[in-house]
Amino acid sequence: MSYSAGENMITAGVDIGAKFVKIVVLNDSKVASKGMALGGFDQKTSSLELFKKLLTEAGADEKDISFVVATGAGKEEFPKAHDKVTEVTADSKGANVLHPSARTVISVGAEEGRAIRCDEQGKVVDFAINEKCAAGAGAFTEAMARALEVNVEELGALSLQSNNAVPMNAQCAVFAESEVVSLVHAGTTKEDIARAIHDAIASRISSMARRLSIEKDVVLIGGVANNKGFIESLKRDLQMDIFVPEDPEYVSALGAACIAHERASAKEGG
Amino acid sequence: MTTEYWRWKEYRWTAEDKDWKKADILTAGVDVGSVSTQAVIMTDGDLYAYSNMRTGSNSPDSAKKALDWAFDDTELKMENLHFIVGTGYGRINIPFANKAITEIACHARGANFMYGPTVRTVLDMGGQDCKAIRCDERGKVTAFLMNDKCAAGTGRGMEVFADLLQVHIEEVGDISLTVEKEPPPVSSTCVIFAKSEASALLRKGVPKNEVLASYCSAMAHRVFSLLERLGVEKEFAITGGISKNKGIVQRLEKELGIKPLTPKHDPQIAGGVGAALFAKSLIEKQRKGK
């Protein structure tokens, strides 16, 4: 199948995060293919490879592409982008497309946490970012999982089995690692420690989000939003319901793809 | 077993020319830190013996061990001491101490004794925190700032790097000074992120000494900003374990434009010295009251 100009419009959003590259390819306004790959040492090569693969999956050719928008910390690394948008712009657009009543978007990635207030069109009104400290990012749960000697995927399930809140004193991920080891030695169960870990990161994220007076609906996105233990802890901390879309790690790439689609449509229309 | 690159050498000392039996007042200060514990024994307010060792998992045990090691073959016993003051992170957990005093007060008082009454600014770079202290000519604290929330700028951060680069922590400073040209500092503040940044540098083939130099200068800059916020007045002294790292001290000196004073004794004992001096004042007060 091939696309001729004017019929189907092929656009893509490329999100180059600190750890993973996520790409969403759109055929008109529908998702034609999506995928992710480790960014690794050479984000440029890994993102180009993934891009090529996903175009094939979508049944498209490079010459069919109308517009590509890149986002993420490594957005400068993608040579085929027609334009770039900030992470908060892409987050907020993606969340709005999936959940139009979203007014607060919380995005937690491997090395960054963002809280965004947006309007009904998915436009950014205000935002706060933590990119300086691992304590409010996925790197925190990863380091803690290592200290607890479990997979980061298991950490969420473990935490849901706990009904005992054990406080963590350390904020810093480096100090928290030692605290986890001390808790293990003190005989605290893995379940309770897992919950303490998620309560700690949730408290960091919610204090960042509170700087922007939180408005409903709250949508949680980013790779860490796959962690059910974290979601529960964040709900408890914010004392409100949180909406997590399916495949939350792709929301930013989807946002970028939707922006690409809008740009391409505007170009064609004008 | 894997090599423990963070493991530093424990140390003890006795004033060979002094006889504790002739002293009127015998006091001790025990500083139980998050990483190291020091016990300092003073005879009439003068340094008699001290030990410096790693803190174990249990504060009371570590305090007792350090004090026993400071006694060593001096024939001194716990019951000979007139007053013991505990300080540091584990101070509330020293069963044999007569009183607990904060490490900020003890470091200022100890620095005043060790470096002389001209000291006005003390930087204590410890295992899990970093304190900038301003004090007067009697070693009394007039202002301070502290970072105990974040591992950047503490000994713990340096341990992480020693481990990553497989360099013994005591050699980090010297190795970092072997670079021909000073590389740019590591850009991440967070130790976790700085570690990824350093791994990327190593993978690119950047030699170890350059990576260490990048981290030492980042760390020097981090403590520099803490000092800047407090304001530095001369004379300036550095205490704590990191003060033995020339790579940090020389870079900090360059940034500050002030040369720190050099101590005659182990700069890690300042807190213990201050505690032993407080113990002396307290026992003198008690005696006067009787």
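Which residue in β8(A) stands opposite Cys118(A)? The residue is Val124(A), and the following paragraphs place this pair within the structure. The model is predicted, so local features need pLDDT of at least 70 and side-chain atom pairs count only at pLDDT 80 or more, while totals for chains, interfaces and linings use all residues. Residues are numbered from 1 along each chain as its sequence is written, and chains are lettered from A, with ligands numbered from 1, in the order in which they are written.

Chain A contains eight helices and 10 strands; helices (H or I, at least four residues) and strands (E, at least two) are DSSP runs, numbered from the N terminus. Of its 270 residues, 54% count as buried, that is, 20 or more other C-beta atoms, placed from the backbone, lie within 10 Å of the residue's own.

Five of the strands form an open sheet of mixed pairing, in the order β8-β7-β6-β9-β10 (chain A). Two strands pair if DSSP finds at least two bridges between them. Strand β7 (residues 113-118) of chain A pairs with β8(A) in the antiparallel sense over six bridges. At the edges stand β8 (124-130) and β10 (242-243) of chain A; each has a single partner strand, so one side of each is left without a neighbour in the sheet.

Chain A is also divided into domain 1 (10-90 + 250-269) and domain 2 (100-244), with bounds that come from an automatic or database domain assignment. The centres of domain 1 and domain 2 of chain A, taken over C-alpha atoms, are separated by 27 Å.

Conventions:
Buried ≥ 20, exposed ≤ 12 C-beta atoms within 10 Å, placed from the backbone.
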